[in-house]
Amino acid sequence: MMFVGDSLSRNQWQSLTCMLHSSVPNATYTITRVDDVSIFEFTEYGVKVMLDRNVYLVDVVRERIGRVLKLDSIDGGKLWKGIDMLIFNTWHWWNRRGPTQPWDYVQVGQQVTKDMDRMLAFQMALTTWAAWVDTNIDPAKTMVFFQGISPSHYNGTLWNEPSAKSCKEEKLPLAGSTYPGGLPPALFVLKDVLNKITKPVKLLDITNLSLLRKDGHPSIYGFGGLTAMDCSHWCLPGVPDTWNEILYNLIL
């Protein structure tokens, strides 16, 4: 099994490895890393749960002009071949700008530009990924999933709490089953692309239930502490455990 994506994929990977270990606490395991791939393995069972950190799915290539995000290139897919189960994810990095943006130019075909509409870029990258799935996946050998869009909670207006500027000190989930701010537009782009894939891909549709969990983020206890409020990632155990429960039922 391999998770492919950004730090939200890492959240789910960490959650799953913890859940598996708790079910067989005495089993021997190893955790290794090879380049961008982290590998958790139950050695006596021959079971590997891997994470390929790949934030865009498509390639970012260092060239003479700088780092180029290539929306129609997916050479990184060579790592995904032959895996029994793939769980993909991307979105978290598509609106990055400034020092944290890991590319300098964006390219489609022969056209290179400094920037472009980010939602369109997201859609084009997903289309490239979808073509990779249709070309390379044998459904008899590999199950494919896509993690839905994982939401952030930085604007309390979206959950009818205008005084909240972040998830700090949020202690309860929203009541009911509807998020006042609505679903993120990226989810509709993702679903549109998934509807066009000919090979079977199951959507792990975690967006709405995660929107309700404004209380589920590390906030000041995240990696950046007080200087970098974390309302994007999720506490373990917590929301990603629910994602994995859903994944388990989809597998069954």
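## Cysteines, loops and helix pairs

Trainee: Is Cys-235 buried, partly exposed or exposed?
Mentor: Use the cut-offs: buried is under 20% relative accessible area, exposed is over 50%, and partly exposed lies in between, with a 1.4 Å probe and protein chains only. Cys-235 has 30% relative accessibility, so the class is partly exposed.

Trainee: What should I know about the model and its numbering before I go on?
Mentor: This is a predicted model, in which local features need pLDDT of at least 70 and side-chain atom pairs count only at pLDDT 80 or more, while totals for chains, interfaces and linings use all residues. Side-chain values use heavy atoms, with hydrogens and water left out, and residues are numbered along each chain as its sequence is written, from 1.

Trainee: How many disulfides does a search of the whole structure find?
Mentor: A disulfide is a pair of cysteine sulfur atoms within 2.5 Å. Cys-167 and Cys-231 qualify, with sulfur atoms 2.1 Å apart. The search of the whole structure gives a count of 1.

Trainee: How far apart in sequence are the parts that Cys-167 and Cys-231 tie together?
Mentor: Cys-167 sits in the loop between β10 (143–147) and α3, and Cys-231 in the loop between α4 (207–211) and α5 (239–251). Helices and strands here are DSSP runs numbered from the N terminus: H or I of at least four residues for helices, E of at least two for strands. The pair therefore ties together parts whose separation in sequence is 64 residues.

Trainee: Is the link of Cys-167 and Cys-231 left-handed or right-handed?
Mentor: Look at the angle about the S-S bond, which is -85°. That link is left-handed.

Trainee: Are Cys-167 and Cys-231 buried or exposed?
Mentor: Cys-167 has 3% relative accessibility, so this residue counts as buried. For Cys-231 the relative accessible area is 0%, so this residue too is buried.

Trainee: Which cysteine holds the closest cysteine sulfur to that of Cys-18?
Mentor: The distance is 13 Å, too far for a bond. The partner in that pair is Cys-235.

Trainee: And which cysteine is closest, by sulfur, to Cys-235?
Mentor: The gap is 8.3 Å, again too far for a bond. The closest cysteine sulfur belongs to Cys-167.

Trainee: What is omega for the peptide bond that joins Leu-236 and Pro-237?
Mentor: Pro-237 lies in the loop between α4 and α5. The bond from Leu-236 to Pro-237 is cis, and omega is about -10°.

Trainee: What is the phi of Glu-169?
Mentor: Glu-169 is in the loop between β10 and α3. Its relative accessible area is 64%, so Glu-169 is exposed. Glu-169 is not a glycine, yet its phi is positive, at about 65°.

Trainee: Where does Leu-71 lie?
Mentor: Its relative accessible area is 1%, so Leu-71 is buried. Contact means heavy atoms within 4.5 Å. Leaving aside neighbours within four places in sequence, Leu-71 is in contact with residues including Val-58, Trp-94, Met-116 and Thr-128. Its place is the loop between β6 (66–70) and β7 (85–88).

Trainee: At what angle do α1 and α5 pack?
Mentor: Two packed helices are described by the angle between their axes and the distance between the axes. Axes are lines fitted to C-alpha atoms, for helices over the stretch in contact, and angles run from 0 to 180 degrees between N-to-C directions. Helix α1 (residues 7–23) and α5 have axes 9 Å apart, and the angle is about 75°.

Trainee: How are α2 and α3 oriented to each other?
Mentor: Angles under 35 degrees count as roughly parallel, over 145 as roughly antiparallel, 65 to 115 as roughly perpendicular and the rest as oblique. The axes of helix α2 (residues 118–136) and helix α3 (residues 185–194) come within 10 Å and cross at roughly 30°. The two helices are therefore roughly parallel.
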